[in-house]
Amino acid sequence: MTLNRRTMLKAGAAAAAAIPLFGSKAFAQEEPLKVGFVLIGTVNDNGWNFGHSEGAKYMKAELGDAVAEPTIVENVPEGPDCERVLRELAQSGHKLIFATSFGYGDYVIKVAQQFPDVRFEHATGYQRSENVGTYNARFYEGRAVCGTVAGHLSQTGKAGYIGSFPIPEVVMGVNAFVLAARKVNPDFTITPVYISTWNDPAREADAARAMIDQGIDIVAQHTDGPAALQVVEERGAVGGFGQGADMSAFAPNAQLTSIIDNWGPHYVLAAQAVIDGTWESKDVWPGLKEGEVEIGPYGPKVPEDVIAAAEAVKNGQIDGSMHIFTGPINDHTGTERVAAGVTLTDAELLSMDWYVEGVIPPA
Amino acid sequence: MSPELIIAIIVTVVGASTPILIAALGELVVERSGVLNLGVEGMMLVGAITAFLVVFLTGNHYLAILLAAAAGVAASMIFGFLTLSLSANQTATGLALTIFGTGLSALAGQGYSARPVTLLGPLFPAELALHPIWRVLFGYSALVYFSFALVFAVWWFLKKSRAGLILRAVGENDLSAHSIGYSVIGVRYAAVAFGGAMAGIAGACFPLLLTPQWAERMTAGRGWIAVALVVFASWRPFRLLAGAYLFGLVMTMELYAKAGGGPLSAIPAELWAAMPYIATVVVLVLISIRRDASNNAPACLGKPFLPSN
């Protein structure tokens with residue numbers, strides 16, 4: 001058979017699709033629960049995926065021999081490849097599978113129908129079924145703390161927000177940030193910039209440059225790495241925030257504080273529930289109160305009174321006396337969307353597709 | 001737009017375009033010799049991790065560039081051995097090299113993702129490099145000036161030098177070049193090594209010029225843009241310069257428009273994202289309309305050299 005370039009391209013593409021191979025370290029006996037984790041990036045990103053792998057390690061450490069060494073599959077794109085990985089995990093004896101990216105949702109539902117005895121949990125998702133649960137962390141609570149710091153420290157009153165895609169999770173974060181900042185500075189604005197990827201450090205850095213060059217002095221980001229913070233540090237802008245983990249090593253002056261993901265406690269609860277036979281499909285959404293979201297140390301640029309204000313917002317959300325999405329809230333056109341005293345429900349937050357006042361919406 | 005903002009945008013565009021330009025110039029020479037190496041992305045990643053590790057361990061940026069080039073050459077020699085000495089299929093081997101480079105760089109970078117390094121500083125003294133106006137000309141690191149010099153060097157080499165003529169002859173008609181005594185395989189090895197060195201340096205641009213850290217897959221597909229640009233430029237260095245800066249400009253203007261909220265921000269993000277590809281289609285159409293013989297790809301591109309057949 002003669003191979004021409006086109007057929008070889010196809011063969012190459014097929015080989016490329018097979019990259020995320022897993023190093024399954026499962027034991028021969030069936031006793032310990034096998035838990036799988038599907039990650040969109042690499043565990044070395046120092047952000048979102050790192051947080052999930054730390055959670056997996058925490059689960060193993062807490063539950064010991066009751067669970068097998070967790071299987072972590074990295075770099076799984078939000079496409080048909082995800083379906084294949086989920087199916088392979090289910091076929092290889094994993095009884096609990098965590099799919100940790102928003103775009104996996106449809107594939108989780110599809111594969112879960114074929115494996116009714118396997119439990120699936122989809123992070124940041126909204127679709128559930130008999131054996132598919134969803135879980136998330138109330139990151140918006142952390143963003144309200146960051147927004148408070150930004151409102152106090154920004155000199156231009158302008159923040160930028162580097163996001164991947166305008167999904168509810170990201171829109172919610174933008175809104176929480178600017179709502180908190182406007183409680184301090186009523187003229188505060190925020191400009192979301194979507195870069196259509198979770199991991200392209202050079203592009204994140206360029207987005208931060210584009211912001212700082214145009215008068216934005218606070219750069220928040222919802223992408224997974226520290227690239228934007230490094231630019232803030234280099235340019236001497238007011239500051240930014242660590243996302244997913246403490247990133248002060250990259251920006252010792254510019255990191256004002258950080259939101260730290262702490263998935264471990266939820267993974268322990270979910271795995272224990274499967275072992276005990278008590279697992280059921282539900283939507284869990286813990287936050288600052290449960291320790292699932294943590295606020296990292298404050299940077300050297302944050303004075304005592306601002307720390308006190310930020311801590312007040314943090315503690316108010318922990319004791320339930322404050323919710324950042326309590327009205328009155330106007331949308332970006334100035335129309336009232338939430339009446340005074342009314343708080344948005346979780347369902348409304350998880351489907352949020354509108355910007356609050358103070359957001360300069362993208363085209 | 002204020003002059004300061006225009007200068008700031010130019011500085012960012014130059015940064016975004018430089019790695020693409022360097023990698024594409026390397027690939028241009030490789031393809032002119034009749035070899036299609038699709039491993040640019042992988043060689044760039046090998047160069048990126050090498051540069052990062054050298055800066056992290058020694059703090060010497062120029063040594064980092066040198067060793068990144070050497071690492072790129074080493075990676076390209078795997079490709080060279082398989083495709084030139086063993087006559088393996090170039091397309092498949094190039095794709096394999098990209099996959100290999102991605103994995104190898106991730107392995108070498110394990111545990112280094114939380115370690116910042118420093119950028120390579122400007123080449124010129126601070127009075128010029130940090131001057132609010134003159135920084136548009138003098139504010140860049142050596143990598144940027146290298147990329148411009150490389151355009152002229154590649155053009156001169158291909159167009160004016162005897163060695164370049166031989167290289168083009170090998171790419172256009174390997175059997176004829178062979179019959180008059182030139183070593184087709186030797187020339188192609190040299191071209192592939194050059195392409196590897198340039199891809200390695202292009203990779204070094206990521207930790208040294210753009211974002212001083214290591215992140216897996218940090219080149220994020222720019223190696224593929226470089227490969228596409230060679231076709232876009234119809235294998236000519238100055239068109240390649242224009243093409244690389246067109247891509248860099250579109251990629252950067254999108255971000256400035258979104259962040260600045262000016263009239264440009266009315267253009268939807270999806271249209272911005274599609275623009276480089278629309279430009280590619282337009283250029284390819286223009287090229288094919290002109291039907292100028294010299295616009296065609298090297299005649300032996302991608303074909304193994306088998307003189308015994």
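Visitor: Before we count anything, what counts as a helix or a strand here?

Guide: Helices are DSSP runs of at least four residues in state H or I, and strands are E runs of at least two, numbered from the N terminus. Keep in mind that this is a predicted model. With that in hand, chain B has 13 helices and zero strands. Reading along its sequence, you get α-α-α-α-α-α-α-α-α-α-α-α-α.

Visitor: And what is the secondary structure of chain A?

Guide: Chain A comes to 11 helices and 14 strands.

Visitor: How do I read the radius of gyration of chain B?

Guide: You set it beside the value for a compact globule. For 309 residues that would be near 19 Å, and chain B has 20 Å, so the two agree. Its C-alpha atoms fill a box of roughly 60 × 50 × 35 Å along the principal axes. Buried residues make up 51% of chain B. As for contacts between residues at least 6 apart in sequence, 78% join residues at least 24 apart.

Visitor: Which domains does chain A have?

Guide: The domain assignment gives domain 1 (21–135) and domain 2 (139–261 + 294–350). Notice that domain 2 is written as two stretches of sequence. The C-alpha centres of these domains of chain A lie 29 Å apart. Where they touch, domain 1 brings 12 residues and domain 2 brings 13 residues. On the domain 1 side, the residues are five nonpolar, six polar and one charged.

Visitor: What does UniProt list for chain A?

Guide: An unreviewed UniProt entry lists residues 34–302 as "domain: ABC transporter substrate-binding protein PnrA-like". Over that stretch, chain A is 39% helix and 20% strand, and the end C-alpha atoms are 44 Å apart.

Visitor: Let's look at one helix. How do I read H7 of chain B?

Guide: Start with a general idea: an α-helix has 3.6 residues a turn, so residues three or four places apart point the same way. Now the case here. H7(B) covers residues 142–160, and its 19 residues reach 26 Å from first C-alpha to last, close to the 27 Å expected. Its buried residues are B:Leu143, B:Val144, B:Ser147, B:Val154 and B:Leu158. They pack against helices H1 (3–32), H8 (162–172), H10 (184–210) and H12 (237–260) of chain B.

Visitor: Is B:Val73 buried or exposed, and why?

Guide: The cut-off for buried is 20 or more other C-beta atoms within 10 Å. B:Val73 has 22 C-beta neighbours inside 10 Å, so this residue counts as buried. You'll find B:Val73 in helix H3 (residues 61–85) of chain B. Beyond its neighbours within four places in sequence, B:Val73 is in contact with B:Ala193, B:Gly196, B:Ala197 and B:Gly200.

Visitor: How do the two chains meet, and how many residues are in contact?

Guide: The size of an interface is often given as the accessible area lost when the parts come together. Here we can count residues: 39 of chain B are in contact with 42 of chain A. On the chain B side, the elements giving two or more residues are H1, H4 (90–108), H10, H12 and H13 (269–290). H12(B) gives the most, with six residues. That side of chain B divides into 23 nonpolar, 13 polar and three charged residues.

Note on methods. Residues numbered from 1 in each chain as written. Chains lettered and ligands numbered in written order. Predicted model: local features only at pLDDT ≥ 70, side-chain atom pairs only at ≥ 80, totals over all residues. Domains from an automatic or database assignment. Contact = placed C-beta atoms within 7 Å. Nonpolar A, V, L, I, M, F, W, Y, C, P; charged D, E, K, R; others polar. Expected span 1.5 Å × (residues − 1). Buried ≥ 20, exposed ≤ 12 C-beta atoms within 10 Å, placed from the backbone. Rg over C-alpha atoms; globule rule 2.2 N^0.38 Å. UniProt positions renumbered as here; feature names shortened; annotations may be inferred.
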